[in-house]
Amino acid sequence: MKSSVRNFYWSIILFCAAILLSSFVRFVGPASKIAMPYKKAGLTTEQAAAHLLSRFTYGAKPGQVQEVAKMGLEKWLTEQLKGDEKDNTLDDMLTKFDAINMSNTEVENTFPRTPSIRKFAIDEGYINKDSLAKGDRKNEREGLEAYMKANGYRPQQELFRQFFSQKILRAAYSENQLREIMTDFWFNHFNVALNKPQCAAYVPAYERDIIRPNVFGDFQKLLLQTAKSPAMLLYLDNFTSSGNNVPAQDQSMDMMMGANATPAQKKRAMERMEKVKQQAQQKKGQGGLNENYAREVMELHTMGVDGGYTQSDVTQAARVLTGWTIAPMGKIGYGGAVKKMIDRFGESNLQQKGFVFDGDFMFNMNRHDNGEKVVLGHKFPAGGGYDEGVELLKMLAHHASTAKFISKKLAVRFVNDTPPTSLVDKMAKTFSATNGDIKSVLITMVNSPEFWSKDALREKTKSPFELAMSAVRGLDAKIDRPYELYTWINKMGQQMYYYQAPTGFPDNGQYWINTGSLLNRMNFGLALATQRIPGVSLNLAALNNNKEPESAEAALVTYSKIIMPERELTETVARLKPMLNDPNLQHKVATAAEKNNAAVPKPADTTMDMDMKAGRNGKATLGDGRKINQDPVIKQKAGTNTMLAQVVGVIIGSPEFQRK
Amino acid sequence: MVSRRGFLKAGGLALFGIGLGGIPGFLADAVAGTVAPGLFKRKKILVCIFQRGAMDGLMAVTPFTDNFLKAARPSLFMTAAKGAPNQKPLIDLDGKFGLHPSMAAFEPMFREKRLGIVHGIGSPNNTRSHFDAQDFMESGTPFKKGTTSGWLNRAVGLLGHDGATPFQGVSLTSSLPRSFYGENPAVAIKNLADFNIQMRGNVNGAKMASQSFEDLYDQTSSGLLKNTGKESFEAIKMLQKTDVKAYKPENNVVYPATALGNSLKQIAQLIKMDVGLEVAFAESGGWDTHFNQGKDTGVFARNVEDLSTCMMAFWNDLARYQDDLTVMTMTEFGRTVAQNGTGGTDHGRGSCNFILGHSVNGGLVHGVVNPLSKENLEDGRDLAVTTDFRSVFSEVADVHLGINNDKILFPDFDGKKIGVMRG
């Protein structure tokens, strides 16, 4: 008795010890503890902070390098990897965008695609048929607008603009910078594009619900959720893919309607089903297997093109994923025919048949190829239904090629365009050991000396989006009209959310830098600094605590350091000096700027100019050209201030600022 | 990685100024330099026009003797017979096909055998999604979405000039089209006049900024930024040789004031500036005619009129360059044989395209258009695709641009040609 009690206690103690030990092992495991070897790489804490911020934020804000250095890099990164910093300021800004939190169904009911409502507008007489025949685009547009207004519909472009705006505001102002960076990374990895009208309306929810909440977690979850998302199902066509040996219609009919249905009822239902099927086929003009998603999920999402799969694996995987499609949504959205079927037979009856309903996703058993398949040597026995698709994706998520492929892609993003194999191998090892825990892979990366080596520092070229955001953040700019920045980013060669190919934007400097895009980067710098981007304002004086630099040269040095902390800027400054020291040119610029300010009063009436006009520090005004000409001392100062904007513009457009 | 810096390797050249014998000065200098990239002489120029939205090939070039078509299109069918009340007849090309009357501008070119037409052209992939079909046509791989490059980008690479000029491949669009995706240099320019350092209303400021940028990019340690910076400023100087805003077309040509007219006009300017342009791309929109597409008047008529008059303006403006020039149109698919319930046509399969140039096997409607009886239609509804678009694109590229590597240009293509080019 006693001994059995003792044994009992012993076993409990051992059990607890085992649990403790396992959690302890987990806790101190090499993958989860942040220990960044930047000192070994010869970097000061400030230099390391600057590098870390250049990779894990959209650019350091003024003073942020010192802040992070002070609080400790490890602490900062730990918080970023949690991704739950308070974002009150940003949240306030986002409240004016009412569409960005809508569900896909709400989006369908609010922002219908033009082709799907155009016909209604014509039928209901909002668009005049005769003038349509004459090609009267104005009548057509107005008619459509009237119809939309009457029905409470809004143009899709409005949804997209809100969507672009939130991305820009989050990048500029979110405290959870790394979460936003990773959202961008995974979106680009699992790219979908607004170019494809069929999937466009679902893209905002895709980023919000599928990508953003999962950026640090389990890769498998991310893969599975993207596979089931309407945006991806439509973008890569899996929604249409169906097997050849779908179950016989009459058998399923019996099961669905029960034995009590009269023959006449069954016949009517059969006819209806048949018609639905025919219509669906006519509409698509094609039926059967579609391999697009199955191919790209291996080539682009998991294993990589050299990951070791064959064409047969692609075809077999496509068969596994037949029937993965979209649940009907909205009043006039996708899936009207399927909706009728669901209404008729009921979800629970269909579920018994093997259908799966999960939010906007539906597994349509009637379209699923029920035969046996073999993918990558793994056998999926006949009759696997929905579950075999999940099994397939899990298998892909955990494949050794996937560990390598994802690790390399992360390293390309955060280290340099050609990361060393030694680093990728370490990251891949962590990926495999943690079953694809993204946070652990990132920690392995920053714990590696390769992340801090001279081959990594400043070696990445900013994408146009990163350039714009780092400028805005570095100058503490106030964004009232984010869409204006979107158009600039587009001009610089990155039409965000419109990369047509499923590869996503290439992640290398060679892609971003060409003659046209580079000129636009320079022009962007000038436009931003001289406050010619409507709805984006800055206060250059405030950046330097409203202290006016002693001379033009001092301004150059001071502002270069503010905008590019912890950089070697001797050469940049040396090259820019002649520009400042040419009094003749200075004067010309000032005069031209004045003239232009007078001619175009509003945009010139900038924060900086107003600060100057307010006569801060007792200095004379910038806004009065005559005074400048009369007073040599003031001329010097004023020239400096006009020049300041230009100098800052040149710094933003300079080669040094294109790198991170 | 492809080097696009061939001509820059010669170092701080004093470039620009058109050099000897029509070879741009920078090339002459480059040849004289220590690392000669090899003499680059622009060979020929291929201009592609993508008609986005899917042109109704059966209305552009109608098999007007086909009674099935007549029956399927009660209010859209046109005839070549003269004297029909209130309607211009089709232009009878060969007794079988009639050119839409609004494309009268094309007729002389067809008669002179400069203009060739391919009918029943399309993709082997039967998707009827604009997005997918355009994607496949532009990547040149009709069953593969993940192809990273576009076929025109690969064409630029195969020309083998190692990026001798920033203007070798130019798209007159605001962002780079899928056709130009890839590792070879290609630039999207919507408006030539914008290709400069700009500070609105502040010319001197812009000049100063430009000078500063040039200095800064010259000293940077990043090879990529340094070289591209150099290229950019050289490109600006190239364009500044001419006042692009004051352009006067030759031969009294007036370009239609449309998007396409404006694009082609700027391509003509680039050609005349001799900046080494070899592959150009422009777009034409409005072809998705589901509703009331009209007959000899209406939406479709206006579209084809714009297309043909723009192309002819371009052709005539460039009379001095015609030997070097081929212009080719393309569209993602055709439209249904039968008209729909709203006086238009829906997404179909085969369409037709136009190829203009001296090396074109012109004056012919190439390809196969069988009688449009139901059994001859693809999926029982559409003009069948009888010629793979890759067959035509590769033949044009091979003969005109002298590219002979279909394996790279169109991987997975069987290489069959139908003789649309002479050569």
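**A tour of chains A and B**

Start with chain B, which averages a pLDDT (the predictor's confidence in each residue, from 0 to 100) of 88, with 90% of the residues scoring at least 70. Select residues 1-39 of chain B: the pLDDT there is below 50, and beyond near neighbours in sequence this stretch has 70 contacts in the model. Two residues are in contact if their C-beta atoms, placed from the backbone, lie within 7 Å.

This is a predicted model, in which local features need pLDDT of at least 70 and side-chain atom pairs count only at pLDDT 80 or more, while totals for chains, interfaces and linings use all residues. Residues are numbered from 1 along each chain as its sequence is written, and chains are lettered from A and ligands numbered from 1 in the order in which they are written. The model scores ipTM 0.78 and pTM 0.80.

Next, colour chain A by pLDDT: the mean is 84, and 78% of its residues reach 70 or more. Residues 246-259 of chain A have pLDDT below 50 and, beyond near neighbours in sequence, 21 contacts in the model.

Now show the contact between the chains, with 58 residues from chain A and 53 residues from chain B. The chain A side divides into 22 nonpolar, 25 polar and 11 charged residues. Here Ala, Val, Leu, Ile, Met, Phe, Trp, Tyr, Cys and Pro count as nonpolar, Asp, Glu, Lys and Arg as charged, and the others, Gly among them, as polar.

Finally, select residues 156-173 (helix 10) and 482-491 (helix 28) of chain A, whose axes come within 8 Å and cross at roughly 90°. Helix 10 of chain A is therefore roughly perpendicular to helix 28 of chain A (65 to 115 degrees). Helices are DSSP runs (H or I, at least four residues), numbered from the N terminus; axes are lines fitted to C-alpha atoms over the stretch in contact, and angles run from 0 to 180 degrees between N-to-C directions. Among the residues that meet are Phe164(A) and Ile168(A) in helix 10 of chain A, and Tyr483(A) and Leu485(A) in helix 28 of chain A.

Definitions and conventions
Helix = DSSP H or I, 4+ residues; strand = E, 2+ residues; numbered from the N terminus. Parallel < 35°, antiparallel > 145°, perpendicular 65-115°, else oblique.
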